[in-house]
Amino acid sequence: ASVFKPFIFAAAIEDGIEPCRYLDNDSVTLSGFNNWSPENYNHSYGGKYSLAGALAQSMNIPTFSLFLMIGFDKVDRLWREMGFSYPLDDMPSLAMGTAEASILEVAIAYASFANGGEKISPYMIESVSAPDGTIIWQYAPPHRRERVLSERSAMLMTAMLHKAIREGTGAAVHSVYGVKIPLAGKTGTSQNYADAWFAAFNPGIVIVSRVGASIPSIHFNNGSYGSGSALALPLVALTLRKVEKQ
């Protein structure tokens with residue numbers, strides 16, 4: 001869903017497009033794809049949005065304009081470098097977030113924004129101890145991490161995704177649930193409200209939630225119940241609020 005959009009924007013930033021660059025929000029129809037037209041969640045048209053504003057408000061049409069501007073290959077290359085295993089289809093609807101990914105892969109990719117553009121390798125076991133407490137194995141982090149984004153691009157993406165939490169589709173984290181720690185992140189709602197996503201991060205934590213059935217035919221029928229901000233965001237917000245109280 002729309003948790004995919006930051007990878008289009010990151011590819012654009014890496015290509016030299018600045019967050020203040022404006023994108024069209026005009027209606028577009030593709031005759032070669034059965035007259036397919038991207039639509040915004042709020043069905044609005046017209047005007048222009050900066051990259052930062054379009055991402056914060058999760059605007060589909062400006063995102064599609066950006067996707068056409070940079071092309072599929074740049075997005076595909078970044079997608080693979082970030083470690084996603086599912087291949088991307090070079091289709092216009094990709095800009096709306098039709099890609100598939102596991103929740104672990106999304107967390108690893110968003111961690112690249114939090115880590116200044118470096119990709120992490122997650123692990124589950126910190127150490128193994130003998131009955132007397134002697135440590136017989138200790139995890140040793142790699143000396144060098146793979147860089148998938150420049151430090152500048154990661155910093156700009158973090159700022160843009162912080163805007164998405166501060167005043168965009170993820171604002172309820174602070175305004176409704178009262179989470180106090182600073183966060184950046186992105187909501188996501190798949191087609192027909194089949195999956196709801198929310199990814200949030202800061203330099204100390206990356207947390208991702210996904211709510212949905214195993215098959216897309218089981219879904220909500222409106223955004224009031226099935227959107228990322230209504231369904232997935234509360235899981236992250238309530239978890240973080242509980243942690244803050246400890």
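Q: How do the residues of the lining of the second largest pocket divide into nonpolar, polar and charged?
A: Ten are nonpolar, three are polar and none is charged. Ala, Val, Leu, Ile, Met, Phe, Trp, Tyr, Cys and Pro count as nonpolar, Asp, Glu, Lys and Arg as charged, and the others, Gly among them, as polar. Ala111, Ile120, Gly204, Ile205 and Val206 lie nearest the centre of this pocket. Helix H5 (103–114) gives the most to the lining, with five residues.

Q: What kind of model is this, and how are residues numbered?
A: This is a predicted model: local features need pLDDT of at least 70, side-chain atom pairs count only at pLDDT 80 or more, and totals for chains, interfaces and linings use all residues. Residues are numbered from 1 along each chain as its sequence is written, and side-chain values use heavy atoms, with hydrogens and water left out.

Q: Why is serine 190 called buried?
A: Its relative accessibility is 16%. Buried means under 20% relative accessible area (1.4 Å probe, protein chains only). Serine 190 therefore counts as buried.

Q: What makes helix H1 (residues 5–14) largely enclosed?
A: Nine of its ten residues are buried, so the rest of the structure largely encloses H1. Among the buried ones are Phe7, Ile8 and Phe9.

Q: What covers the buried residues of H1?
A: The cover includes helix H2 (51–56), helix H3 (60–70) and helix H4 (72–81). It also includes H5, helix H6 (151–167) and E7. Contact here means heavy atoms within 4.5 Å.

Methods. On a 1 Å grid over the protein atoms alone, a cavity is a set of points where a 1.4 Å probe fits but cannot get out, and a pocket is an open set with protein on both sides within 12 Å along at least five of seven lines; lining residues have an atom within 4 Å of a point. Helices (H or I, at least four residues) and strands (E, at least two) are DSSP runs, numbered from the N terminus. Buried means under 20% relative accessible area, exposed over 50%, partly exposed in between (1.4 Å probe, protein chains only).
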